[in-house]
Amino acid sequence: LTPPGCSTKCFRGRKERNVQKQHEASGIDALPDGVLEHILGLLPAEEAVRTCVLARRWRHRWKTAAALRIVSAGGEFLAPADKLREFMDHLLLARGGAPLELCELRLGGLNLVLEDEGVLSRVDHWFRHAVGCNAQVLRLRIRANGSLELEDLPLVSKHLTRLELYGVDVHGSFLNFSTCPNLQYLEFEDCDLISESTSLISFQSLKHLRIAFCHLRLHMGFDSRVRISAPHLVSLVLEEFIGRTPIFESMPSLTEASVTIGDFCADECELSNANYWDCSCESCDTYGKTPSGSNISVLLEGLSKAKSLLLISSPAKHIFKRDMRWCPMFSNLKNLWLDDYWCVPDDFNMLACILEHTPILEKLTLQLFSEGPEHKMELEGRVSLAERSAAISKYLNTVKVKCKMVDERIVKVLRFLHVSDICCSILPDVREILSCCGSTASPR
Amino acid sequence: FCEICLTNNCDGSAGKIATMIALVSSDNERFEVSEEAASQSQTIRNMIEDGCADGGIPLPNVTSSVLAKVLEYCNKHAATTTPDAASTEAVIGSAGTRAVLGPARHGPVVLRAVPCRAAGRRCPEGCRLDEGQDAGADQATFKIENDFRPEDVEKIRKENAWAFEE
């Protein structure tokens, strides 16, 4: 229609045609600015900038892209540190304070460890710039040699709703999110979280919290237990933390929680004795077996309002066992996922006890001696009505077991729960459903 | 280019009566598209396979006015010449897709969006960039006529050299 190079602003006596052309703003240009800014925000940042040569209309659009995605993880244009620094300097200058919805900084990755001092020293500045542009979602994912410490200053933003931090050290007042009153979703993975002044970390506005593979502690070098208050939390994931188990205060709105206590938890029997009840070592004794021991529930009380729980622990870690001494009533719990920690070696006392405190439980899944996430075998059976204990929820009809193979240990559990009519499915390829009948817990 | 399945390599199967999928905009308006077309987005295809598409697929990032425009464009825009090596296709996808640019110096230049392998199967707000993402199917093409003179393009490239490959 229009020869290339002919600007739409060219009035050469062809007003009619120009008017027609304006109405005909074709294709992608017909979309509202907000949409175009959103599209540009979907591009890796360098590619968004490159749209400046597409057409006149596109020359400056990249400056108001709704999101910034900076990836320097190996192989990309921004992978070399000097390129990254130069790019960021120019980009932030050109954008000024143009608002952002989302900013993602991914520096270092599987194949590239971030080592460049020039970059490391600027990350905090880039991060804060994004906050200053009213970003709602911030993702900072770092793989550095050692760790990257973020500046010890709280974030201030009423726009920030979601924050994800991977591989950074966070000190002191950074953990004070009271100046982010709309923060709803917070995720820390592989971070070092050090609360300097007070043992209480308060997440007032949070609805979703995930802390995975992190070290939570009070002061540098002190053996301490952090207390977390998140009174409006709806979902919690606490996965394989390092150090002392944090105490969670009551969470009345909690819908689902998943707690996995792994090998790096510092709350363990010093004799590696999995049988907490029979162990008289000092570490087991300290945490409340004796009258003088503290009787604060570390986890279970705080989790007691959940509708769905996953509680998994390494054998010699005694937090759950200890908390079970003051087992709360899980009055909302419908869905429970446990591992073999709850079944051995205590002759199922733990399992029995928790089932007696879950009056409306409907679904029980037991992951026995199998790490997952994929399990070689999955069994499903019914809990016999006649034989079950009266203390167990009457809504609990089926039990699922995930294991590697059905051995004596599995059979013992199934017998204890009076499970019969077991169906078994075996992974991986052919899903054979072997329908087994019989009142004994024999899966064959 | 096939208008029904919105790809360049249609195998003709889209000509059959298609099952319709509803896409629901952020202000709760429903738009019916063929399952074939909707499945070009990996995210949506996952949702269909997971059986989550029954009530309609929510697109919380997209308002009805925008979605209407996008679908109108997708439905009416026919392909033209096969793109040459220097240009790439432009697509727009729903939440969960990522746009990639393959710039061409001359002639029509377009953007490409590829569905990204979201970290979780349901990717509610934009994507999470994973290692080893693969390119997926495209959804629709846009054309942008380049109204720059070649010397202007050079000038702008120089201005923003920090963003371009050598």
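The crossing of H4(A) and H5(A) is left-handed, meaning that the near helix is turned anticlockwise from the far one by less than a right angle. The model is predicted: local features need pLDDT of at least 70, side-chain atom pairs count only at pLDDT 80 or more, and totals for chains, interfaces and linings use all residues. Residues are numbered from 1 along each chain as its sequence is written, chains are lettered from A and ligands numbered from 1 in the order in which they are written, and side-chain values use heavy atoms, without hydrogens and water. Helices (H or I, at least four residues) and strands (E, at least two) are DSSP runs, numbered from the N terminus.

**Helix pair in chain A**

- Helix H4 (residues 81–95) of chain A and helix H5 (residues 117–132) of chain A have axes that come within 11 Å and cross at roughly 30°; the axes are lines fitted to C-alpha atoms over the stretch in contact, with angles from 0 to 180 degrees between N-to-C directions.
- H4(A) and H5(A) are therefore roughly parallel to each other, a label for angles under 35 degrees.
- On the H4(A) side, the contact (heavy atoms within 4.5 Å) is made by Ala81(A), Leu84(A), Arg85(A), Met88(A), Asp89(A) and Leu92(A).
- On the H5(A) side, Gly118(A), Val119(A), Arg122(A), His125(A), Trp126(A) and His129(A) take part.
- The residues of this contact divide into six nonpolar, three polar and three charged; Ala, Val, Leu, Ile, Met, Phe, Trp, Tyr, Cys and Pro count as nonpolar, Asp, Glu, Lys and Arg as charged, and the others, Gly among them, as polar.

**Strand E1 of chain A**

- Strand E1 (residues 67–72) of chain A has six of its six residues buried, so it is largely enclosed by the rest of the structure; buried means under 20% relative accessible area (1.4 Å probe, protein chains only).
- Ala67(A), Arg69(A) and Val71(A) point one way from E1(A), while Leu68(A), Ile70(A) and Ser72(A) point the other way.
- E1(A) pairs in the parallel sense with strand E2 (residues 102–107) of chain A over six bridges; pairing requires at least two DSSP bridges.

**Sheet in chain B**

- Three strands of chain B form an open sheet of mixed pairing, in the order E2-E1-E3.
- Strand E2 (30–34) and strand E3 (57–58) of chain B are the edge strands, each pairing on one side only.
- Strand E1 (residues 20–24) of chain B runs parallel to E3(B), joined by two bridges.
- Leu23(B) has Ile57(B) as its bridge partner in E3(B).

**Glu270 of chain A**

- Glu270(A) lies in the loop between strand E15 (256–261) and helix H6 (282–286) of chain A.
- Glu270(A) is exposed (over 50%), with a relative accessible area of 52%.

Notes: Parallel < 35°, antiparallel > 145°, perpendicular 65-115°, else oblique.
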